[in-house]
Amino acid sequence: MKNLLIVHGPNLNLLGEREPQIYGNDSLKTLNASIESFAEKMGLQVKSFQSNHEGALIDFIHEQRNWAEAIVINPGALTHYSYALRDSIAAVNLPSIEVHLSDVNQREEFRKISVIKDVCEKQISGLGKEGYFRAVEYLVGLDVLNKLQGSNPDSKGRDETLRMVVKLLKESFPKYSWVGIYLVEGAELVLHNYMGKPSPHTRIPIGQGICGAAVHEKQSIIVDDVNADPRYLACSIETRSEIVIPIMSGNKVFGEIDIDSDLEAIFHDSDQEILEKCAAVLAKLF
Ligand code: SME
């Protein structure tokens with residue numbers, strides 16, 4: 001996935017002056033510049049568009065349908081009643097995410113209804129401009145998942161697929177400074193493959209470290225500040241946060257995806273959601 005559309009609906013041209021207590025102080029130009037810079041760092045090309053007119057938004061989506069590979073759309077108030085905009089998103093059949101700066105579920109009743117969200121992968125609301133960044137990351141994550149599923153893991157074999165997923169994740173997410181997979185062997189986790197700086201922890205007893213805790217507890221763990229977590233086993237002094245996702249089927253854990261970042265509090269629900277989907281694909285290989 002390389003080509004991304006950012007689409008803004010009615011009234012978003014007045015961002016920065018329109019009800020700043022709800023929509024923030026950034027102008028649309030500043031917002032677009034932030035989204036474009038974020039997406040470009042992830043290797044994407046962006047075309048941004050805003051209109052106050054339903055038909056102009058639909059025309060833009062149609063015109064760009066052969067260039068674009070994904071859409072992030074803030075439909076403004078069209079969210080709540082535009083079946084025509086909804087149909088245009090369904091028609092171009094591109095993975096799309098609905099974003100709102102404010103939390104539409106905590107405002108007037110009419111804003112709780114979205115006729116758009118069913119044709120989108122998800123709705124993200126109430127996170128301000130961060131919501132657009134999460135949408136971009138989620139779309140990149142879906143692309144990783146599609147590549148993993150499309151690579152025919154059954155015939156490729158387990159070892160090659162485990163190496164492929166590490167490479168895909170490391171190369172798709174600049175914020176992931178270390179990506180590795182550990183496999184359960186008896187009472188230990190053994191490092192299968194990784195990308196990033198060499199780790200001293202090639203074998204971790206289950207129950208030790210954040211890696212061991214995730215397998216022991218059979219659940220994903222996000223640590224926002226590794227230096228504040230007594231379980232943490234240091235891999236690199238630059239690491240600030242970590243996410244660990246067990247590869248499991250039913251109650252049986254086969255291994256885990258471990259990711260470190262040099263940025264604090266950088267892993268979100270959207271990382272967890274995508275990584276758990278990747279882990280579910282990998283679990284079928286055991
Ligand atoms: N930090 C992990 C150890 C593995 S390295 O990060 C690669 C932990 O606390 O379990």
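The model is a predicted one, so local features were kept only at pLDDT of at least 70 and side-chain atom pairs only at pLDDT 80 or more, while totals for chains, interfaces and linings use all residues. Residues are numbered from 1 along each chain as its sequence is written, and side-chain values use heavy atoms, with hydrogens and water left out.

The structure holds three cavities of 30 Å³ or more. A cavity here is a set of points, on a 1 Å grid over the protein atoms alone, where a 1.4 Å probe fits but cannot get out, and its lining residues have an atom within 4 Å of a point. The second largest cavity comes to about 100 Å³, a volume being the space filled by probe spheres set on grid points joined across faces, edges and corners. It is lined by 14 residues, and Ile204, Cys211, Leu233, Glu242 and Asp258 are the closest to its centre. At least two lining residues come from each of β6 (178-185), α8 (209-217) and β11 (252-261), with helices (H or I, at least four residues) and strands (E, at least two) taken as DSSP runs numbered from the N terminus. The top contributor is α8, with three residues. Sorted by class, this lining has eight nonpolar, three polar and three charged residues, where Ala, Val, Leu, Ile, Met, Phe, Trp, Tyr, Cys and Pro count as nonpolar, Asp, Glu, Lys and Arg as charged, and the others, Gly among them, as polar.

Around the ligand are 13 residues, of which Ile210, Cys211, Leu233, Glu242 and Asp260 come nearest; a residue counts if one of its heavy atoms lies within 4 Å. Polar contacts (pairs of N or O atoms within 3.5 Å) include a ligand oxygen 2.8 Å from a polar backbone atom of Cys211. A ligand nitrogen is 2.8 Å from a polar backbone atom of Leu233, and a polar side-chain atom of Glu242 lies 2.9 Å from a ligand nitrogen. On its own the ligand has 310 Å² of accessible area (Shrake-Rupley method, 1.4 Å probe), and the protein covers 100% of that. The shell around the ligand draws most on α8, with three residues, and divides into eight nonpolar, two polar and three charged residues.

Then there is the open space. The largest pocket holds about 240 Å³, a pocket being an open set of points with protein on both sides within 12 Å along at least five of seven lines. Of its 14 lining residues, Phe38, Glu137, Lys175, Leu263 and Ile266 are the closest to the centre. Two or more residues come from each of α2 (28-41) and α5 (130-150), and α5 gives the most, with four. This lining has seven nonpolar, two polar and five charged residues.

How values were computed: Polar contact = N/O pair within 3.5 Å; in protein donor to acceptor, adjacent residues only side chain to side chain.
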